[in-house]
Amino acid sequence: MADFHQEPLITTLHALYEAFDRGAYLSSLERRLEHHSQHTNITLLLPSLFSELQNGGVLQNILDEIKEVRYLTNVVVALGGAPEEEQFREAQAYFAQLGAPGRDVRVLWVDGPRVQGLLEEMAEREIATGEKGKGQSVWITLGYLFARDETDVIALHDCDIVTYDRLLLGRLIEPVANTNNDFQFCKGYYARISPEDRAMKGRATRLFVTPFVDTVAQLMCQRGHSELERFFLYHRAFKYPLAGEFCFTTDLARGLNVAYDWGLEVATLSQVYDQLTARQIAQIDLTPNYEHKHQELAPDDTDRGLHRMVVDIAKFYLTYMRSHGVPLDDSFVDMVLHTYYQRALKYVRKYSYDADVNGLAFDLYEEETAAGHFRGFLWDAWMQSKGPQEAKLLPSWNRVAYVFPEIFDRLLTAVEQDNAAQ
């Protein structure tokens with residue numbers, strides 16, 4: 001059973017239902033969501049690579065669970081990694097199984113010539129369009145949803161969740177869809193324990209983001225940067241800041257800049273911090289355990305795995321500090337990375353005790369080695385972010401529409417023609 005500890009900066013919604021009958025709770029939750037959906041249009045945005053269609057029964061289980069819910073008005077799939085039209089048609093036919101009375105399904109073909117042509121036009125108007133990846137796919141799909149102008153609440157989750165069930169989806173959406181709440185943004189969290197390995201996962205969060213944010217919050221306090229201290233304490237309040245599951249109102253989403261690298265999740269938290277008050281932000285325990293694809297460490301390749309992930313996240317944080325009045329140089333960053341490393345080693349010990357009491361496998365040497373690599377990745381991030389570098393953010397759709405007024409009509413037409421053509 002979950003605890004009921006509350007963070008001082010944001011609201012935490014725990015899994016207290018686990019003490020009671022799960023089936024009864026799910027039925028009650030979905031009845032509430034069906035009631036909310038009578039006056040609130042709810043959309044599920046699914047970023048998916050074409051390769052995930054071949055991912056055994058994982059994606060099919062996700063779709064089977066979604067088919068059981070009756071509160072979604074729209075499901076929109078942001079399809080990446082599908083340069084060929086036959087791949088798009090295959091995905092279109094596959095995701096069509098989500099269709100139901102009162103629920104529309106669309107697949108946005110990110111690699112298709114129509115959408116790519118619009119991205120090129122935006123680039124010609126000096127609108128940043130980023131690089132291919134999840135961030136760009138989510139961003140262009142949000143633009144399509146704004147073009148349709150019929151969505152009030154948008155939920156987003158990945159398509160590689162091995163332990164997915166519809167309880168996760170309902171809990172992710174309910175805090176924002178419930179108009180009795182103040183929440184405009186809700187972030188998911190969960191434990192990451194591999195059922196096969198009986199071991200803790202989530203190394204990027206456990207061994208990098210958490211000790212790094214702790215370290216920088218303390219340093220900002222010591223140097224009198226009170227606003228930055230609060231910013232990093234806000235990030236520290238999230239139990240799983242790299243979780244890919246979140247839900248927000250359309251009004252909020254229109255004003256968000258979207259990162260197009262591995263900094264997507266922390267950049268989103270930062271955008272939310274800038275636009276909302278703390279009482280409008282929540283995190284929720286989605287599921288007792290969460291399993292999805294694991295990233296390799298890739299210590300010798302900055303373009304792959306956890307190496308690239310940690311570098312992108314660190315670059316975002318370093319750039320954020322500089323853009324908010326903190327001068328960084330080699331000696332300061334060197335001090336940060338060594339301070340971070342000592343704090344990370346303390347966390348490793350805490351995780352070892354937690355694993356031991358729960359009968360989990362835990363390789364102390366491997367964990368300490370990973371923290372050492374992350375220290376080096378932090379320096380790689382600093383080397384890459386020197387000079388007049390900006391965070392890799394795509395502009396909000398409010399701004400895009402100001403520069404390119406016809407974009408919504410053009411995007412709506414492109415996606416509808418893709419989905420209609422055979």
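I started with helix α8 (residues 226–237) and helix α11 (residues 305–323), which pack at about 155 degrees with axes 11 Å apart. That angle makes α8 roughly antiparallel to α11. I took the crossing as right-handed. On the α8 side I listed Leu228, Phe231, Phe232 and His235; on the α11 side, Tyr317, Tyr320 and Met321. By class this contact has 6 nonpolar, 1 polar and no charged residues.

Notes on the model. This is a predicted model: local features need pLDDT of at least 70, side-chain atom pairs count only at pLDDT 80 or more, and totals for chains, interfaces and linings use all residues. Residues are numbered from 1 along each chain as its sequence is written, and side-chain values use heavy atoms, with hydrogens and water left out.

Notes on terms. Helices (H or I, at least four residues) and strands (E, at least two) are DSSP runs, numbered from the N terminus. Axes are lines fitted to C-alpha atoms, for helices over the stretch in contact, and angles run from 0 to 180 degrees between N-to-C directions. Under 35 degrees counts as roughly parallel, over 145 as roughly antiparallel, 65 to 115 as roughly perpendicular, and the rest as oblique. A crossing is right-handed if the near helix is turned clockwise from the far one by less than a right angle, left-handed if anticlockwise. Contact means heavy atoms within 4.5 Å. Ala, Val, Leu, Ile, Met, Phe, Trp, Tyr, Cys and Pro count as nonpolar, Asp, Glu, Lys and Arg as charged, and the others, Gly among them, as polar.

Next I looked at α11 against helix α10 (residues 264–275). Their axes are 10 Å apart, at an angle of about 30 degrees. I therefore logged α10 and α11 as roughly parallel. Val266, Ala267, Ser270, Tyr273 and Asp274 of α10 meet Ile313, Phe316, Tyr317 and Tyr320 of α11. I sorted these residues into 7 nonpolar, 1 polar and 1 charged.

The axes come within 9 Å and cross at roughly 160 degrees. I noted α4 as roughly antiparallel to α15. From α4 come Arg114, Val115, Leu118, Glu121 and Met122; from α15 come Ile407, Arg410, Leu411, Ala414, Gln417 and Asp418. This contact has 6 nonpolar, 1 polar and 4 charged residues.

Then single residues. I looked up His36 in helix α1. Leaving out residues up to four places away in sequence, His36 touches Glu174, Ala177 and Asn178.

I found Glu52 in the loop between β2 (42–49) and α2 (58–67). Glu52 is buried, at 12%. Its side chain reaches the backbone nitrogen of Leu49 at 3.0 Å. With residues up to four places away in sequence excluded, Glu52 touches Pro47, Leu59, Cys159 and Asp160.Last, I checked Gln38, which is exposed at 65%.

Methods. Buried means under 20% relative accessible area, exposed over 50%, partly exposed in between (1.4 Å probe, protein chains only). A polar contact is a pair of N or O atoms within 3.5 Å; within protein, one must be able to donate a hydrogen and the other to accept it, and residues adjacent in sequence count only if both atoms are side-chain atoms.
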